[in-house]
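Me: Please take a close look at one part of this model, namely how its elements pack against one another, and give me a single connected account. I would like the cut-off behind each term stated where the term comes up.

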Amino acid sequence: MTSSALVLPRPAWRPAFIAERTPIVVVVAIIIALWYLAAILMNAAQVRDAFERDEVKYTLSDVIAGTLSAERPVVPAPHQVLENLVESVFDYPPDSPRSLLYHSWVTLSATVVGFAIGALFGIVLAVLIVHMRTLQKSLLPWIICSQMVPILAIAPIVIVVFGAIGIRGLFPKSIISAYLCFFPVTIGMVKGLSSPDPIQLDLMRTWSASKVQVFAKLRWPSSIPFLFASLKVSVTISLVGAIVAELPTGAQAGIGARLLTGSYYGQTVQIWAALVAAAIIATVLIAIIDAVARLTAWRMGASA
Amino acid sequence: MIPRGQAVGFWLAALALVAALASPLAGDAVPAVAARPYLLAAIVAAALLFALAPRWPTLSAIFGTAASALGCAVTLNLLADSDIAGQASWGYWLLVLATWLGAALTLTRLAALQTADRTWRWLQDLTIPVLFGAFLIYLWEVAVRGFGVPPVLMPAPTSTAQRFAESLPMLGEDFVQTVLRSVLSGYVLGCGAGFVVAIIAYRFDFLKRGLLPLGNFVSALPIVGIAPIMVMWFGFDWPSKAAVVAVMCFFPMLVNTLAGLAVAGPIERDLMRSYAAPPVQTLLKLHLPAALPFIFNALKINSTLALIGAIVAEFFGTPLRGIGFRISIEVARMSLDMVWAEIALAALAGMAFYGIIALAERAMTSWHPSYRT
């Protein structure tokens with residue numbers, strides 16, 4: 001923004017931490033307030049109809065109270081979602097199909113397995129592409145091209161084809177996740193592995209370093225920041241892949257299944273709770289990768 | 001001279017072609033290649049071309065391409081024989097293998113060609129991936145039909161193409177429903193809203209400092225999940241899909257535009273101030289043009305996201321048309337060639353969408369350093 005010389009020193013009583021967080025807290029508070037308002041406005045018609053059907057006298061405050069505790073609201077209030085989330089996490093044993101923990105675990109395991117396969121495959125492919133001119137010329141354009149294609153559309157095919165040859169459950173879902181998330185890794189790693197300057201490569205040559213040494217001591221270390229940046233992108237994609245992969249099978253278990261059954265039976269609160277669960281999983285996964293990235297950077301001796 | 005390994009590879013390919021002449025194509029009833037004069041001539045020609053290719057390094061790519069094309073033509077032609085399709089034996093696979101080896105080496109030769117001329121290099125950069133893609137499709141075709149893979153598992157590309165050509169009206173209807181209605185309206189709405197909010201947030205720094213981390217956070221969430229909610233709110237038809245698309249497009253646009261509005265440096269700002277430019281003018285003449293590369297980046301990201309959002313939202317309920325609807329219904333009916341045709345449609349739509357935006361970007365940000373060569 002402005003040059004640093006113009007920034008006045010902050011008063012000591014207001015640490016930077018609070019100053020940074022205040023706008024976020026305020027914006028989140030505004031969003032929650034708007035959410036409550038939306039819940040009241042959008043559920044009002046439904047609640048009023050219910051009162052009139054029962055021919056009960058009602059006041060405005062009754063309607064408002066009703067909108068915030070409706071059984072099947074158009075917009076569930078935040079506290080309802082939270083309640084449902086807490087209830088479906090803690091009130092059932094973790095192996096019961098009514099427990100959100102169980103569904104989250106099903107999706108999470110597919111996500112993590114798919115992510116591991118996809119990331120590994122993406123790295124191997126990037127290494128091959130960087131070292132083989134033919135592959136770089138022939139395969140890389142297709143990988144970039146496939147970024148523009150809605151690949152998620154093939155999820156149902158993978159599920160059905162694997163189902164037809166008798167493979168069900170975790171594996172097909174992981175394949176979809178892996179398939180979705182290897183692209184960002186490959187592209188990021190190709191960029192990362194070719195990021196060393198020609199000068200540095202020339203230096204390695206003057207030391208008559210072998211190809212393996214150039215890779216291990218120069219290319220690989222300089223690609224690490226790119227690796228983690230693309231891993232962060234692809235872990236979310238992997239989660240999306242796992243969720244979508246649960247849709248076409250009629251969905252026995254998983255967050256996708258919660259979404260689908262919720263939409264079949266009009267269980268709005270359940271859908272919202274499943275969404276929040278997905279958001280929490282995504283956040284935790286990204287935080288883990290972030291922590292590993294920091295740790296690696298620290299171990300490799302980065303200053304920041 | 002071309003590297004010794006590659007020369008040996010070419011000779012091996014030629015040898016394999018000759019060996020295949022004497023091998024059985026399928027069961028005993030099927031006559032060998034020697035009994036089919038045209039194919040015999042083609043194979044001998046291909047073997048000769050492969051064998052001669054290593055002699056002239058520059059010509060090797062052309063010889064190899066011609067020989068590979070001949071190999072592909074012969075093997076595809078043989079598949080028309082109903083005795084071979086589905087029960088091809090090792091003589092046939094030897095032909096395919098030789099063609100594959102020759103084609104791989106040809107691509108290597110093509111990639112190794114060094115030219116200083118820009119047009120030639122452009123042509124080279126275009127030819128190699130196209131040939132590679134075409135050869136992959138050929139391998140898919142040969143593998144599916146040669147091994148007789150049941151169409152419910154994996155249809156051959158030709159049957160998908162045939163299905164595509166036959167059901168053009170239906171595909172057109174799906175295209176209109178998913179791409180023109182859901183995706184375009186949601187895309188315009190979401191990108192527009194993200195842009196407007198970014199401009200507002202740019203004016204009010206407090207809002208910006210609150211929205212930017214939030215936007216970054218939400219961009220990383222699996223937003224497609226809101227599809228069932230939107231279907232509940234806006235019904236089965238396209239408005240619910242457009243809503244999902246709009247929400248998915250909103251955050252990348254917001255975050256990127258905000259990042260773009262911050263790139264103009266202090267010197268440019270000072271210059272605008274020295275011109276006594278009012279804030280609106282500074283925005284229009286300095287900040288927005290400077291932000292264009294970022295805005296186009298968001299538009300490109302969103303073009304893919306939008307298609308994904310619309311297709312996935314259709315899995316949750318639609319009127320009886322749309323790409324996502326057709327995919328889910330045809331998968332259930334096990335007519336996978338139709339599904340692949342729909343995927344091809346989605347891929348074409350996605351690439352066209354992306355291409356249009358990339359062209360617009362090139363036209364509007366040609367001043368940007370990344371376009372200087």
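**Packing within and between the chains**

Reply: The domain assignment of chain A gives domain 1 (4–75) and domain 2 (100–299), the bounds being taken from an automatic or database domain assignment. This is a predicted model, in which local features need pLDDT of at least 70 and side-chain atom pairs count only at pLDDT 80 or more, while totals for chains, interfaces and linings use all residues. Residues are numbered from 1 along each chain as its sequence is written, and chains are lettered from A, with ligands numbered from 1, in the order in which they are written.

In chain A, the C-alpha centres of domain 1 and domain 2 lie 36 Å apart. Chain B is divided into domain 1 (4–149) and domain 2 (165–371), and the C-alpha centres of these two domains of chain B are 43 Å apart.

Between the chains, 49 residues of chain B are in contact with 45 residues of chain A, where contact requires C-beta atoms, placed from the backbone, to lie within 7 Å. On the side of chain B that touches chain A, the elements giving two or more residues are helix 4 (90–112), helix 5 (118–147), helix 8 (205–219), helix 9 (227–234), helix 12 (279–314), helix 13 (323–332) and helix 14 (336–364) of chain B; helices (H or I, at least four residues) and strands (E, at least two) are DSSP runs, numbered from the N terminus. Helix 14 of chain B gives the most to this side, with 8 residues. By class, the residues of the side of chain B that touches chain A are 40 nonpolar, 7 polar and 2 charged, with Ala, Val, Leu, Ile, Met, Phe, Trp, Tyr, Cys and Pro counted as nonpolar, Asp, Glu, Lys and Arg as charged, and the others, Gly among them, as polar.

The buried residues of helix 11 of chain A are Ile255(A), Gly256(A), Ala257(A), Arg258(A), Leu259(A), Leu260(A), Gly262(A) and Ser263(A). They pack against helix 4 (100–131), helix 10 (211–245) and helix 12 (268–299) of chain A, together with helix 9 of chain B. Just after helix 11 of chain A, Gly266(A) takes a positive phi of about 65°.

Pro225(A) lies in helix 10 of chain A and counts as partly exposed, with 17 C-beta neighbours inside 10 Å. From C-alpha to C-alpha, Pro225(A) is 8.2 Å from Ala297(A), although the two are 72 residues apart in sequence. In the loop between helix 9 (198–206) and helix 10 of chain A lies Ser208(A), whose phi is near 45°, a positive value in a residue other than glycine. Ser208(A) is exposed, with 7 other C-beta atoms within 10 Å.

Within chain B, helix 2 (residues 37–52) and helix 3 (residues 57–79) pack at an angle of about 150°, with their axes 8 Å apart; axes are lines fitted to C-alpha atoms, for helices over the stretch in contact, and angles run from 0 to 180 degrees between N-to-C directions. That makes helix 2 of chain B roughly antiparallel to helix 3 of chain B, on a scale where angles under 35 degrees count as roughly parallel, over 145 as roughly antiparallel, 65 to 115 as roughly perpendicular and the rest as oblique. The crossing of helix 2 of chain B and helix 3 of chain B is left-handed, meaning that the near helix is turned anticlockwise from the far one by less than a right angle, with clockwise giving right-handed.

Helix 7 (residues 168–203) of chain B and helix 8 of chain B pack at an angle of about 130°, with their axes 5 Å apart, and are therefore oblique to each other. Here Ile200(B), Ala201(B) and Tyr202(B) in helix 7 of chain B meet Leu207(B), Lys208(B) and Leu211(B) in helix 8 of chain B.

How values were computed: Two residues are in contact if their C-beta atoms, placed from the backbone, lie within 7 Å. A residue is buried if 20 or more other C-beta atoms lie within 10 Å of its own, exposed if 12 or fewer, and partly exposed in between; C-beta atoms are placed from the backbone.
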